[in-house]
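Subject: Handing over the structure

Hello,

Here is the structure I promised to pass on to you. Have a look at it first, and then read on for what was found in it.

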Amino acid sequence: MITVENLSKTYNGNMVLSIENLEIPNGQIFGLVGNNGAGKTTLFSLLLDLIQPSSGFVKNNDVQVNASENWKPFTAAFIDETFLIGYLTPEEYFYFIGELRGLNKEDVNVFLKDYEEFFHGEILGGKKYLRDLSKGNQKKVGIVAAFIGKPKVIILDEPFANLDPSTQFRLKKLIKNFKDEPEVTVLISSHDLLHVTEVCERIVVLEKGKTVKDIQTSEATLKELETFFSEEILSDAAQIPVSE
Amino acid sequence: MLKHFFSLQWKSFFRSASFSTNLGMKILMGFIALYLIATFSILGGAAYYLIEEKLQLNALEVVSRILIYYLVGDLLFRYMLQKMPVVNIKPLLYLPFKKGKIVHFSLWKTVFSFFNIIHAFFFVPFCVVLISNGYEPLQVITWFLGIYMLLYCNNFINIFLNGVNAFLGVVFGCIIILGTLQYYGIFDITLYTGPVFQLFYGVPYTVLAPILLLIVLYYVAFSYFRKNLYLDAGLASKHQEAKAEDLDWLNRFGSISVFLKNDIKLIKRNKRSKTSVFMSFLFIFYGLLFFTGALEVYQGAPWRIFAAIFVTGGFLFSFGQFVPSWDSAYYPLMMSQNIRYRDYLNAKWWLLVMATIVTTILATFYIYYGWEVYLAIVVGAIYNIGVNSHMVLWGGAYVKTPIDLTTNKKAFGDAQAFNAKTLLLMLPKLVLPVLLYAAGHYTVCPFLGYLLVVLTGILGFAFKEKVFNKIEKVYKTEKYKTLAAYKQKN
């Protein structure tokens with residue numbers, strides 16, 4: 001269970017995030033949506049104790065993340081390329097993360113077997129360091145690395161961005177698999193409303209740092225989100241005549 | 001159109017992160033530039049009198065002879081430090097500029113680089129002195145022109161050399177071989193090259209040769225870049241072919257082996273760290289200044305221990321003081337992964353210890369200068385391992401400059417690395433052992449001096465855990481600031 005209590009983050013007097021209360025039960029696949037600057041990455045960074053909260057706190061399975069480091073063994077994340085070590089090959093990177101999580105080389109090799117389809121033959125056995133891979137392939141490595149060692153909490157920031165269409169479908173399948181594991185909580189953020197509604201059991205919409213919607217996903221969710229995000233534009237369009 | 005180029009250039013210079021960071025840095029950069037300019041000018045002005053009056057030689061002839069080394073050295077420095085400003089070209093490609101213009105602009109930009117201007121500060125005073133001492137003005141000017149054209153040729157040659165990895169080794173090898181041959185009087189290349197350079201004075205119109213060479217090089221460079229002005233050709237960054245490594249033999253180090261393996265890959269696969277290792281290799285020879293009696297000021301006995309600390313501590317200082325900045329590119333990963341600071345620190349510490357032992361072994365050639373000299377070096381190594389290894393890590397914890405592993409920028413020191421805390425930590429690193437040795441040396445005998453330093457080194461081990469606790473605390477309290485600082489690239 002992840003608990004967010006009175007959490008806020010201010011930069012030079014600018015409130016970028018302010019969440020009174022948010023609880024994510026174990027096993028949930030949780031989606032975060034919002035426009036740029038809504039505070040998605042800020043929230044994830046606070047969950048990972050990469051930035052300091054201005055007030056309030058985050059508890060990850062009863063561990064307050066900015067007070068203790070005991071959340072690290074069961075939490076994994078991929079936020080951006082600063083989670084990759086550029087001068088390693090993908091295999092070396094997986095072994096490195098594996099070793100940190102108590103897996104030896106053989107364990108990691110076995111683990112990677114399941115992701116061969118996801119890598120689509122472009123990652124393993126190549127002659128490239130991570131820094132020389134394309135953005136999409138880097139992302140694949142980062143996401144899979146976050147799955148190593150059976151973490152109980154997985155945080156992925158915009159995992160679908162930069163991925164090719166086939167890989168997006170494969171990733172959706174991978175994330176959906178976690179639905180069968182009641183112990184694993186997955187948190188993802190995305191700009192792709194279709195993808196999040198498809199994989200997430202619950203979706204929270206952030207706007208200007210505040211939660212404005214908290215939806216248990218159903219058939220109607222996609223429509224609801226689309227209406228929410230297009231409202232402004234539609235009302236604008238009604239006022240300004242479109243010139244052809 | 002040129003106006004746009006210049007305004008872009010202007011902004012990129014004054015808005016660069018390194019320039020706008022802090023006032024102290026600007027002042028320091030200014031001082032370094034002034035210092036270099038002053039040394040070059042004084043050297044240029046004084047060279048004539050030094051050579052003519054002290055050595056009773058012909059100044060023009062001597063300078064002409066040394067020139068071959070000067071030129072090669074210049075090329076070497078350029079190769080290591082001067083970069084073709086490729087990155088700034090990319091955004092221009094999509095804009096309505098003629099390609100030729102972009103290339104001309106980029107090439108001309110290098111003409112005004114510091115690496116070209118600095119030589120004027122030596123050669124102009126030198127030539128002025130020559131003329132005032134009765135040398136033919138016109139011929140001195142053609143000589144000056146000839147030399148400067150050759151320096152500019154270096155500028156364009158360097159553009160082609162960028163990315164030719166073997167260059168450094170080959171040139172260094174040549175210099176060492178030629179230098180040794182010359183030192184022992186077997187073969188003196190300057191006897192042959194000196195007169196060639198002197199031709200620019202003796203036969204003024206020969207200056208046309210380097211001018212022609214320069215023009216040719218410029219156009220070769222121009223057409224080369226014009227042809228390769230594509231993202232996947234000349235503008236592509238070079239990709240090394242990756243070679244996976246196991247380094248399983250390091251597993252014997254237990255829980256820290258995972259970091260050790262990573263560190264070794266870090267050092268091997270990145271330009272910046274390779275430069276650091278190369279520099280620490282040069283440090284080994286620093287002792288020659290002291291032990292050969294080359295410089296009189298360094299003859300005092302306490303200097304021995306000072307030299308010894310540097311000979312064996314090159315890697316310690318050049319690598320150690322930037323822990324954890326080496327990992328700055330992926331610091332968020334390190335901070336959210338399942339990592340114990342203690343293991344992380346221990347790994348770096350072992351790396352420093354191993355490097356110190358290796359350099360001590362490499363430094364065995366100092367036995368040539370007597371067993372006592374090597375004893376001093378071993379004593380220095382013990383002090384480095386016992387005290388300095390954790391002192392540099394402590395100092396490093398306060399350094400928050402991100403390191404871009406893929407370039408050599410700032411490899412030769414970073415003003416931000418010098419804050420009050422790191423300076424304070426310099427005291428036990430360098431001053432204390434020298435004082436200890438001096439205390440023993442002047443009261444009883446040199447061996448008591450060595451003994452005192454060794455004992456302090458061994459005593460240092462006892463405080464290792466204490467210092468590590470302290471560093472761990474610094475890491476924790478400074479974590480958010482460090483993360484934020486590392487985010488600001490270049």
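Let me begin where the two chains meet: 24 residues of chain B are in contact with 26 residues of chain A. On the chain B side, helix H12 (257–269), helix H16 (331–336) and helix H22 (479–487) each supply at least two of the touching residues. Sorted by class, that side of chain B has 14 nonpolar, seven polar and three charged residues. Please keep in mind that this is a predicted model.

Chain B itself has 22 helices and zero strands. It has 490 residues, of which 32% count as buried. If you take the contacts in chain B between residues at least 6 apart in sequence, 80% of them join residues at least 24 apart.

Within it, strand S3 (residues 29–33) and strand S9 (residues 202–207) of chain A pair in the parallel sense over four bridges. To find one of these pairings, look for Gly31(A), whose bridge partner in S9(A) is Ile203(A).

How many of the eight residues of helix H1 (residues 40–47) of chain A are buried? Eight of the eight are, so this helix is largely enclosed by the rest of the structure. The buried residues of H1(A) include Lys40(A) as well as Leu43(A), Phe44(A), Leu46(A) and Leu47(A). Just after H1(A), you will come to Asp49(A), which takes a positive phi of about 55°.

Chain A also has an open sheet of four strands, with antiparallel pairing and the order S2-S1-S4-S5. At its edges stand strand S2 (14–24) and strand S5 (63–64) of chain A, each with a single partner strand, so one side of each is left without a neighbour in the sheet. Strand S4 (residues 55–60) of chain A is joined to S5(A) by two bridges, and the two run antiparallel. Here Asn60(A) has Val63(A) as its bridge partner in S5(A).

In soluble globular proteins, nonpolar side chains tend to be buried together. The largest nonpolar core here has 134 residues, and those with the most contacts inside it are Tyr93(A), Ala145(A), Ala146(A), Ile154(A) and Ile155(A). Helix H18 (residues 371–396) of chain B gives the most to this core, with 13 residues. Apart from this core lies another, of 22 residues, among them Tyr48(B), Leu60(B), Ile147(B) and Tyr152(B). As for Tyr93(A), leaving aside residues up to four places away in sequence, it touches Leu84(A), Ile85(A), Leu88(A), Leu130(A), Val141(A) and Ala145(A).

Enjoy looking around!

Best wishes

Technical notes:
Residues numbered from 1 in each chain as written. Chains lettered and ligands numbered in written order. Predicted model: local features only at pLDDT ≥ 70, side-chain atom pairs only at ≥ 80, totals over all residues. Core = buried A, V, L, I, M, F, W, Y, C linked by C-beta atoms within 7 Å. Buried ≥ 20, exposed ≤ 12 C-beta atoms within 10 Å, placed from the backbone. Contact = placed C-beta atoms within 7 Å. Nonpolar A, V, L, I, M, F, W, Y, C, P; charged D, E, K, R; others polar. Pairing = 2+ DSSP bridges.
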